[in-house]
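Q: Hi! I have a protein open on my screen and would like to talk it through. Can you help me read it?

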Amino acid sequence: MRTMADVSNEFDYLRDKHRQLREQNSPELNLRTHRSISWIARAAALIDDDPDAAFIFSWIAFNAAYAKDMGDDPGSFARADFQNFFDALVRCDPRSRIAHEIWHHFEGVVAELLDNKYIFSPFWKFHNGDAQYDNWQVRFENAKKARNMRLKGKKPLSF
């Protein structure tokens, strides 16, 4: 069984390389790189004992590496790609079997996730200094109310 210390040693090369290149990169890229290396090391430490957690941590590492603030612009290229993917997924499932299965098997997890302020974009915009989001809490409560109304009406949630 590999320990976190063993895995940490395996990632020392990446950390050292990152430190060497830090001055050449933007602070945003440095932060994303640091986070990605940390998450992938956590994933590697768990691959034998908990492959599900290792997969989740690998996914987080991947997102940490490429993710950027997409802003509120619905025309944003990345946001449009995400929306197009989910729209296609919904179109391919006219009887809402995917939504049913997700909700049936993971209702508590989904509800908990949707109630989590840490995945709510305005929360992070405010905490990153954007004063126009100082009302993120009101927005969050309104989003939760709208979501609950959609769920009671049995309308599929939009992605």
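Q: Let's start with Glu28 and Arg32: how many residues apart are they in helix α3?
A: They are four residues apart in helix α3, which covers residues 27-46, and that puts about one helical turn between Glu28 and Arg32. Keep in mind as we go that this is a predicted model.

Q: What do the side chains of Glu28 and Arg32 do?
A: They meet in a salt bridge, with 3.1 Å from N to O.

Q: And Arg32, buried or exposed?
A: Arg32 counts as buried, because its relative accessibility is 14% and the cut-off for buried is under 20%.

Q: How many salt bridges does the structure hold?
A: Six. Another one of them joins the side chains of Asp12 and Arg15, at 3.8 Å from N to O. Asp12 and Arg15 are three residues apart in helix α2 (residues 12-21), so about one helical turn separates them. Asp12 is partly exposed, with a relative accessible area of 31%.

Q: What about Arg147, which residue does it form a salt bridge with?
A: With Asp115; the closest N and O atoms are 3.1 Å apart. Arg147 is in helix α8 while Asp115 is in the loop between α6 and α7, so this pair ties together parts that are 32 residues apart in sequence.

Q: Where do those two stand on burial?
A: Arg147 counts as buried at 11% relative accessibility, whereas Asp115 is partly exposed at 37%.

Q: New topic: rings! How many aromatic pairs are there?
A: A search of the whole structure finds eight. Take Trp59 and Phe62: their pair is tilted, with 5.6 Å from centre to centre and 40 degrees between the planes.

Q: Why are Trp59 and Phe62 separated by about one helical turn?
A: Because they sit three residues apart in helix α4, which runs over residues 51-66. Phe62 counts as partly exposed, at 46% relative accessibility.

Q: Which parts does the pair of Phe120 and Phe140 tie together?
A: Phe120 lies in the loop between α6 (97-114) and α7, and Phe140 lies in helix α8 (residues 136-152), so the pair links parts 20 residues apart in sequence. Their rings form a tilted pair too, at 5.1 Å centre to centre and 55 degrees between the planes.

Q: Are Phe120 and Phe140 buried or exposed?
A: Both Phe120 and Phe140 are buried. They also belong to one aromatic cluster, together with Tyr118, Phe123, Trp124 and Trp136.

Q: Zooming out, how many helices and strands does the protein chain have?
A: Eight helices and zero strands. Reading along the sequence gives α-α-α-α-α-α-α-α.

Q: What about contacts across the sequence?
A: Among contacts between residues at least 6 apart in sequence, 40% join residues at least 24 apart.

Q: Last one: where is confidence lowest and where is it highest?
A: Confidence is lowest in helix α1 (residues 4-10), with a mean of 65, and highest in helix α7 (residues 121-127), at 88. The protein chain averages a pLDDT of 80, and 83% of the residues score at least 70.

Notes
Residues numbered from 1 in each chain as written. Heavy atoms only, no water. pLDDT = per-residue confidence, 0-100. Helix = DSSP H or I, 4+ residues; strand = E, 2+ residues; numbered from the N terminus. Phe/Tyr/Trp six-rings, centres within 6.5 Å; stacked < 30°, edge-to-face > 60°. Buried < 20%, exposed > 50% of the residue type's maximum accessible area, 1.4 Å probe, protein only. Contact = heavy atoms within 4.5 Å. Salt bridge = Lys/Arg side-chain N within 4 Å of Asp/Glu carboxyl O.
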